[in-house]
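Please read them with the structure open beside you.

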Amino acid sequence: MEARIRARVNLALTFFALLFFVAGSSPPRQFVISNAERRIDLSSHIINVHLTLKVENAGTRPASEVVLALTPTEVDHLAMVDASAIKGKRKKTTSLRLEVKPTELPDAPPIDTKYFTIYLANPLNSGESTTLEVLYVFTHFLEPFPAEIAQSESQLVFYHDTALILSSYHIKQQTTFIKTPSTKVESFIRMEPTNRVGTEIKYGPYEDRPPYSISPIHVHFENNSPFAVVEELVQEIEISHWGNIQVTEHYKLIHAGARHKGVFSRVDYQSRQSSNGASSFRYLLARLPPRVHSVYYRDEIGNISSSHLRTDSLKSELQIEPRYPLFGGWKATFVIGYGLPLQDFLFESSDDKRYLNFTFGCPLIGMVVDKLTIKVVLPEGSTDPSPVVPFPVEHHLEAKYSSLDVVGRTVVVLEKKNFVPMHNSHFQVYYSFKPIFMLAESLMLASAFFMLFVACVAYIHIDLSIRK
Amino acid sequence: MATMPASASDLLKSFKLKTKQQELLIRVSILCLVYILAFITRLFSVLRYESMIHEFDPYFNYRTTLYLTENGFYDFWNWFDYESWYPLGRIVGGTLYPGLMVTAVLIYRILRFLRFAVHIREVCVLTAPFFASNTTLVAYFFGKEIWDSGAGLVAAILIAVCPGYISRSVAGSYDNEGVAIFALLFTFYVFVKAVNTGSLAWSLASAFGYFYMVSAWGGYVFIINLIPLYVLVLLITGRYSMRLYVAYNCMYILGMLLAMQIRFVGFQHVQSGEHMAAMGVFFLMQVFYFLDWVKHMLSDTKLFQAFLRITVTSAVAVGGIALGLGMVSGYISPWTGRFYSLLDPTYAKDHIPIIASVSEHQPTAWSSFMFDFHILLFLFPAGLYFCFKRLSDATIFIVMYGLTSMYFAGVMVRLILVATPAVCLISAIAVSTTVKNLTVLLRSKNKVVQTGSTKGSGGSKSSSKALLDQSQPFQKNGAIALLFGAFYLLSRYATHCTWVTSEAYSSPSIVLAARGAHGNRVIFDDYREAYFWLRQNTPQDAKVMSWWDYGYQITAMGNRTVIVDNNTWNNTHIATVGRAMSSYEDEAIEIIRSLDVDYVLVVFGGVTGYSSDDINKFLWMVRIGGGVFPVIKEPDYLVNGEYRVDKGAAPKMLNCLMYKLCYYRFGEMMTEYGKPPGYDRARGVEIGNKDVKLEHLEEAFTTSNWIVRIYRVKPANNRW
């Protein structure tokens, strides 16, 4: 709690500092944002911010680097940022993904503002303008208030932001839309013109704001969507060239919403479901690849019987239910495991290497994963592994000893923090493998049995007695 | 060219087995099949449910095994467990039989060394079936030792599927008995072998077998009393021999020294009353040997008679005085209550309610004998008859083992297990001898018919032929009929055993299965739901109070500290919990606070109709609590000697803590169609107190079928 207060104080200080240092040095103001529209979606605990910027080059030279500004708190909770350029008019728009990189601006205001630079595909000539679409995804950004609720209460959360978009450029016109999950909004700070219709709060339009101008606001609203967070997910993908891929996923799940306080009454939970435990959740849905087989769902103390698997040719859906409903602050750990046919995921590349093509992500739908570790266990005897992942991850190698291993298997470990479903994409692990190694274990077993029988024969035929 | 056919026929000849080799092949393959059968028949529970640990005690064994794998042997040996018997704790290393855990970890290490990536849980689950398979081998050799290899084979088959043994050795029943029966039978076998051969090597082996048994199970007391008794019987019947002397002395002295290395036994082995018989017989043996020597030296029989009289009297006197002195000075501890209750079945009921409260300590009903032994019950006396007909040192042993263990099996349900090997062996003698006699009858008759001209090969055969020639005409048909009868009975036995194993003994009791309304299987997994909730959502150092039955499970699965558990070593502590449960809430809260309890857990079957819940166990809590704290009186909870929970129940019953915790808000619950709310399905009544209010405790968690209910102890109000 204290840490949270301190964070908020820091945030406020940052804002003030920002206001004071507006006049200070700033990045080369080549660009002017002629129109900015921001849509903030607060319907779950993963916050999507869609920012549409119309950028105009007001400088004299062509420029290709547009800088985005974020507060440190936002950066701490930022799961991903994605930018694309919109081409064409109205219905015939096409979008082109652009590269975004965090940057340091040494001559920026001496406060903690963090910057991301968008690299445009073509430099923007003086006087030209282009439309950029930016997507920010934030996690752990909603603050439950009250922080502890009883079983019958619903969950209220705070959303803190600024009505004016933080930017290092002059913004001629801007509007912000905040979408709440329901019409139940306890309070929100107005900054005229402010308008609330249904589940949407509209801030703006505001005209001609100088760079770094902000105006803190908050929205206090009801959000009963499951705040399901996987604190840690370790996914182990074990490749066997005999035709199977075995996936084992270890989950540490927590309800990260307002903490449950006091009594948990089963009578109330069973009989009055609508008004009880509105923010709790019971079921989780995992989307698994098609042709999945031997699925299991268990934890440290044994099998959990409450799960259902539906399969069709395109996908498999596994509905699981933790042993107990999860209320705020309650945890559950469990393991999901399944087998997959090898030919769906393992291919041969042109340079005589093999590669695994698998989804980087968490099969559970709508989960935030604080720390995702993917371990790809290559078959024994495979060499020079190299992972290819579409976004930056940490990776290193390990060794693992599975059944009948002598030298151990190479394990490629990929780690990603703050993972959101939008990250879901394919990754590849390339490696070399000689098929002869497939026979190693079977030959070993066969020779062991052969030795055993030889020993038996020898024992029967040799007289070991001392007496004659 | 000419040599080719010759060499080919040689080759063929060398492939053709001689009769002896054929017999060996058949015997070995039968043994292999029995070995596998004994293993797989115990896997019903894994197939029906999952690879999991069953019941109560196995969870403690599993937890300690886990500790042993993680922390190594020395830490295990010196382990002081803070998580049980709060605030007393428990010296685990010194109060358990480590044989089972060490065995499992050893198997685990070997498998790991051989590069099999197994989990320790799988090893624990399959330890009992594995040892059951080994027991069948021992049974074969034992049968071979006391009778012949045919009897050995039959014994192996009988014991492989005998329900009396399966009940304690299905996969997942990771308990001391699983390995102990193997150790018991092995010790007996090796000891009999030692007596038969007089070999020092075999008696040494029996000492080590005894050591393993001591390390594995408290039932070793049976060995250390049965063997002296057996020796005594041999002495009395005049079967004293040098072989016996070597076997017993070596086994006793070495076995004693080895057994004292187990910390839980330690000096008890020379000090406690239960072990005195062995020591007495040991000294008696020396006296016998001495007398034998004197007899050898003295040629005068009259002188020897006088000497004998003096020696025996003085030996008995010295022994008696030593025993008396030891008893008086407290050096020799008296018999424990458990031992007494074996000799006198009514003892526990009057003096130690905590022993009497355990269902497996109840006297055995006839039906469970029938259930566990089936046809063996009839074959057992027949086998005894054959044993008496061919009396030897070995058959005397098996007869004594059978008779004593049968008596104990009658005293306590769980001791059927100890009797099972003996019953199987003796029945095997009956089956084997009968079948053999009948087949001999058949075959000799055939021989008479077809080979009238050929001369009889063996003396015994010709004599039986001569005997048969003048016997009744329908003998052959009778033999065939009897043979079919025997096989019919044996096949019934096999069917029965499989049925019992699958229906009765393969349920883990942690997970309950029932048939739903549409014939589908409904799983009640409430225990694990509650334990896992405790594990995940309570503070790491939370103290949980429950009745002692669930102590092991809470520490193993919930990973939380408990006040009392299934190691019922401190009766007062258990009585305190019993007292808290049977007091009014405001009195109970004092006890609960003094024990620093954070959560109270009760098991309640009113919603599902699960009958072994805390309300049905409640009278034992009252009795055990009242045994130490006389404020708790059993009649207060009864109405006219009747135990009830409905409107007519005793007022103290309706307001005691256990009642309140079980029935809190149960009055609002509709359990069955057409019944009023608050209808208790386990007892089939509408509860008497529907308006239960709790003042110092609050509901923390109730499982989906209400089987486990957990209450949080509210912090004390500020005094200001």
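1. In which helix of chain B does Thr311(B) lie? Thr311(B) belongs to helix H15 of chain B, which takes in residues 301-329; as with everything below, this refers to a predicted model, and local features are considered only where pLDDT is at least 70.

2. Is Thr311(B) buried or exposed? Because its relative accessible area is 13%, under the 20% limit, Thr311(B) counts as buried. Once residues up to four places away in sequence are set aside, Thr311(B) touches Val287(B), Phe290(B) and Leu291(B).

3. Helix H9 of chain B, made up of residues 176-197, has 22 residues, and the distance from its first C-alpha to its last is 31 Å, which is close to the 32 Å expected at 1.5 Å a residue. After H9(B) comes Gly198(B), a residue whose phi is positive, near 70°.

4. Asp393(B) deserves a separate look, and its place is in helix H21 of chain B, which covers residues 393-411. With a relative accessible area of 7%, Asp393(B) is buried. Apart from neighbours within four places in sequence, Asp393(B) is in contact with Val195(B), Asn196(B), Tyr230(B), Leu234(B), Arg239(B) and Arg243(B). Two of these partners, Val195(B) and Asn196(B), fall within the residue range 176-197 of H9(B), the helix described in the previous point.

5. Turning to the chain as a whole, there are 31 helices and 11 strands in chain B, and the C-alpha trace spans about 110 × 75 × 55 Å along its principal axes. Chain B is divided into domain 1, residues 175-333, and domain 2, residues 525-713, and the C-alpha centres of these two domains lie 49 Å apart.

6. How much of chain B counts as buried? The figure is 53% of its 720 residues. Among the contacts in chain B with a separation of 6 or more, 71% are accounted for by residues 24 or more positions apart.

7. As for charge, chain B carries 61 positive and 50 negative side chains, with the centres of the two sets 13 Å apart.

Note on methods
Residues are numbered from 1 along each chain as its sequence is written. Chains are lettered from A and ligands numbered from 1 in the order in which they are written. This is a predicted model: local features need pLDDT of at least 70, side-chain atom pairs count only at pLDDT 80 or more; totals for chains, interfaces and linings use all residues. Side-chain values use heavy atoms; hydrogens and water are left out. Helices (H or I, at least four residues) and strands (E, at least two) are DSSP runs, numbered from the N terminus. Buried means under 20% relative accessible area, exposed over 50%, partly exposed in between (1.4 Å probe, protein chains only). Contact means heavy atoms within 4.5 Å. The expected span of a helix is 1.5 Å times one less than its number of residues. Domain bounds come from an automatic or database domain assignment. Lys and Arg count as positive and Asp and Glu as negative; His and the chain ends are not counted. The place of a charge is taken as NZ of Lys, CZ of Arg, CG of Asp or CD of Glu.
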